[in-house]
Amino acid sequence: MAIPKGTIVEPGSSKKNKTGSWRTERPVFKHDTCTDCRICVLICPDGIIFGSDHVYDADFDYCKGCGMCATECPVDDIDMVPEVK
Amino acid sequence: MAEQAVKKKKKTKPPVTESLLAPGHRACAGCGEALGAKLVMDAAGPNTYVTTCTGCLEVFSTPYPESAWKMPWIHSLFENSSAVAAGIEAALIAQGRDKDVNIIAQGGDGGTADIGIGCLSGMLERGHNILYVCYDNEAYMNTGVQRSGLTPFDARTSTTPVGKRSMGNQTNKKNLPEIAAAHGIPYSATATVGYPNDVIRKVQKALKIKGPKFLQIHVPCPLGWIHPTDQTIEVAKLAVLTGLIPIFEMEDGKLTRVRKIGKNRKPVEEYLKAQGRFRHLFKGTPEAEAELEKVRQIAEANIEKYGLA
Amino acid sequence: MKEFIEGSMAVARGVAVCRPHVVSAYPITPQTHIVEHLSELVADGILDSQFINVESEFGAASVVLGAAAAGGRAFSATTSQGLLLMGEVLYNISGMRLPLVITVANRAVSAPINIWNDHSDAMVFRDAGWIMLFAEDNQEVHDMHIQAYKIGETREISLPVMVNMDGFILTHAYEPVDTISQKDADDFLPPFDPVVKLDVDNPLTMGPLGEPQWYLETRYRIQQAMLEAKPVVKQVAKEFKEKFGRWYGDVIDGYRMDDAEIVYVAMGSICGTIKDTIDELRDKGEKVGLLKIRMFRPFPGEEIIDALKDKQKVIVLEKALSLGASGMLSDEIKAAFYATPHRPEISSTFAGLGGRDISKTSLADLYHKVKGERQDNMFVDLKEELV
Ligand SMILES: Cc1ncc(C[n+]2csc(CCOP(=O)(O)OP(=O)(O)O)c2C)c(N)n1
Ligand code: SF4
Ligand code: SF4
Ligand SMILES: [Mg+2]
């Protein structure tokens with residue numbers, strides 16, 4: 001029997017749903033003063049800040065524009081700007 | 001050769017990898033519960049079986065045919081994630097599949113402290129090797145912000161509305177971590193997404209302990225608490241720094257560690273003012289002032305009881 | 001091996017040879033002896049299962065749900081209030097297509113609280129997506145469990161099975177039972193090989209939210225699986241007969257039906273008393289028979305029509321009713337006959353509710369009344385002075 005539809009889902013398949021369209025503001029990662037602390041990575045509720053070595057960026061397919069990363073960045077290296085689409 | 005060596009030295013951390021709670025889930029922007037679950041899953045790792053109560057966490061993460069979970073995960077009902085986890089543990093043991101795996105049962109404050117407390121108590125008392133995680137956003141958010149047993153004093157919810165004869169919820173938060181600890185379990189603790197590294201530490205510590213473990217994570221809900229979406233961490237920290245949400249660990253029934261607030265202590269007003277659900281306490285009337293005084297007393301009692309000063 | 005054992009022990013032994021990974025249940029009369037016996041088998045090392053003592057039937061049902069989701073063979077037992085408390089989980093188990101077995105020691109439902117037998121508890125869940133079997137005696141109930149696992153675990157079916165046995169009348173009765181040996185059981189029932197299971201090596205999500213664009217088809221699929229279960233139940237009964245030599249009918253069974261003009265229809269242990277009554281009536285020249293319903297879900301409508309279509313009158317004797325409507329069994333038999341040209345006259349009668357004794361005299365009286373005229377929603381042995 002095939003996997004019963006409606007009762008089983010593939011892991012991580014939520015990635016089909018691009019939540020980036022919800023955004024009214026977007027974080028701009030300035031890459032100026034970043035200390036590589038990764039607080040933004042840690043606290044993004046959607047887990048969509050990627051990068052390495054002082055260079056981090058949001059995956060805008062999913063970023064909901066909550067602004068938490070900008071508020072929590074201890075060196076003010078992330079700005080929130082209005083989304084223009 | 002030399003160039004490569006320099007590069008290697010600079011690259012101190014590996015690139016960020018995707019979380020075990022995948023993106024694309026439908027949690028509100030700035031959801032503390034989504035952040036809490038992300039931290040817990042990544043702390044636990046992929047060899048983890050997860051059961052989840054009905055609630056925001058389940059609804060926003062698994063609308064068919066999508067799922068944000070990258071480990072084996074099951075939702076059954078609002079009130080039984082602890083019992084379902086117990087059944088999973090039993091079946092894994094019987095099949096010899098229980099080596100080197102974790103089992104986490106989780107739910108919201110409603111699914112845990114209210115309707116699911118019977119199943120939770122059974123799970124804790126029977127000694128299963130399971131970590132229960134309660135995401136405490138202090139109301140039934142999934143159904144539209146109704147009061148739960150963990151809703152704080154004076155909070156406005158949709159079933160404790162503020163009116164001529166009401167200042168919101170008139171009961172105190174049920175002390176669920178101590179109720180859990182009273183089962184004689186080896187580990188019961190509180191944490192908050194305001195201090196994410198502490199969440200990770202506690203999950204990893206708990207998972208190393210054999211037997212039933214309980215962890216209650218304070219998770220702000222911008223929608224239900226009425227605060228801007230970027231303020232989730234700030235609000236969570238203020239809850240701790242005012243003494244309203246004590247962060248502690250209990251091992252074998254004894255208080256073993258607390259997060260001191262000491263000189264960083266903030267007046268409760270700072271926490272309350274940050275949220276729309278307490279707006280009615282700032283009308284400046286004698287009634288509102290009397291209520292504020294009661295909230296101050298709650299903070300005072302926590303600081304005294306848990307030695308937070 | 002023939003053994004003189006209690007009905008509850010017949011269940012426990014029938015379950016034990018199925019090698020369940022997980023057993024979880026909560027005490028409630030008259031089911032309690034079943035779990036007590038199972039816990040003894042575990043304590044004595046005869047049964048290598050995880051036995052989970054829970055805080056409620058709701059917990060027990062949730063534990064076996066989790067166990068089945070993790071690929072384990074799981075068992076629980078309950079009755080009456082306990083079954084009702086499981087209700088929410090019962091729908092979940094079938095909705096998630098988890099083939100476990102729960103035995104119901106059928107008992108009346110409170111209020112007033114009553115620990116004695118009728119079928120009011122099980123019939124509440126006739127719409128819940130469970131295959132429902134009813135046993136007539138302790139040999140049949142012993143044999144029914146291994147069949148139940150084989151039916152439910154058939155991959156195309158993947159549905160839970162409720163084994164019903166009359167509380168006290170069977171659970172507490174001592175009878176000789178030919179018990180199934182472990183070797184024979186292992187030959188008959190293969191290990192549980194579920195279609196899906198929770199597994200860290202293949203991490204699936206179970207129990208997602210089913211929005212309107214998806215939910216309806218989940219019901220369609222359960223309905224299809226239910227329909228497909230009917231031939232499977234028959235096949236398993238046949239295989240069982242070939243292996244063990246015992247036969248109870250497949251989904252229905254007839255007794256002295258060939259030339260019968262009036263036929264009783266019933267489920268469970270009362271079929272034994274009805275057979276004795278029929279023998280006595282036959283001695284007096286009455287052309288009477290019995291149609292025993294072994295399986296209530298999926299509903300064996302075609303088989304029932306086939307068995308009853310040439311009969312003059314049918315007496316459906318039910319141990320439950322839908323208050324404000326009629327008997328569930330008789331209503332469904334009537335509905336099954338709706339589209340057929342020849343319909344027997346059907347009387348709906350309720351008997352034995354809350355453990356009231358049903359005597360051969362009452363059954364014979366009922367026969368003569370129905371022979372005279374159709375009885376509708378008739379309470380057998382109703383005490384007018386108490387009404
Ligand atoms: C038996 C039952 N009663 C009520 C509900 C409705 N219900 C679903 S989720 C929910 C509230 C969830 O609150 P909580 O557990 O705090 O989780 P949150 O959504 O806040 O994360 C309620 C009342 C239900 N699904 N099942
Ligand atoms: S704005 Fe919110 S969702 Fe977007 S990257 Fe920052 S924290 Fe993540
Ligand atoms: S309502 Fe609250 S808990 Fe629910 S998804 Fe939104 S922010 Fe999270
Ligand atoms: Mg909640």
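Here is a walk through the surroundings of two ligands in this predicted model. Residues count from 1 along each chain as its sequence is written, chains are lettered from A and ligands numbered from 1 in the order in which they are written. Local features need pLDDT of at least 70, side-chain atom pairs count only at pLDDT 80 or more, totals for chains, interfaces and linings use all residues, and side-chain values use heavy atoms, with hydrogens and water left out.

Start with ligand 1. It has 18 residues around it, the closest being B:Glu33, B:Cys56, B:Asp109, B:Gly110 and B:Gly111; a residue belongs here if one of its heavy atoms lies within 4 Å of the ligand. Chains B and C both supply residues, so this site is shared between chains. Within chain B, helix H5 (residues 109-114) gives the most to the shell, with 3 residues; helices are DSSP runs of H or I, at least four residues long, numbered from the N terminus.

Now for the oxygen atoms of ligand 1. A polar side-chain atom of B:Glu33 sits 2.8 Å from one. Backbone N or O atoms get there too, at 2.9 Å for B:Gly110 and 2.8 Å for B:Gly111. The protein covers 78% of the 590 Å² of accessible area that ligand 1 has on its own (Shrake-Rupley method, 1.4 Å probe).

Definitions and conventions:
A polar contact is a pair of N or O atoms within 3.5 Å; within protein, one must be able to donate a hydrogen and the other to accept it, and residues adjacent in sequence count only if both atoms are side-chain atoms. Helices (H or I, at least four residues) and strands (E, at least two) are DSSP runs, numbered from the N terminus.
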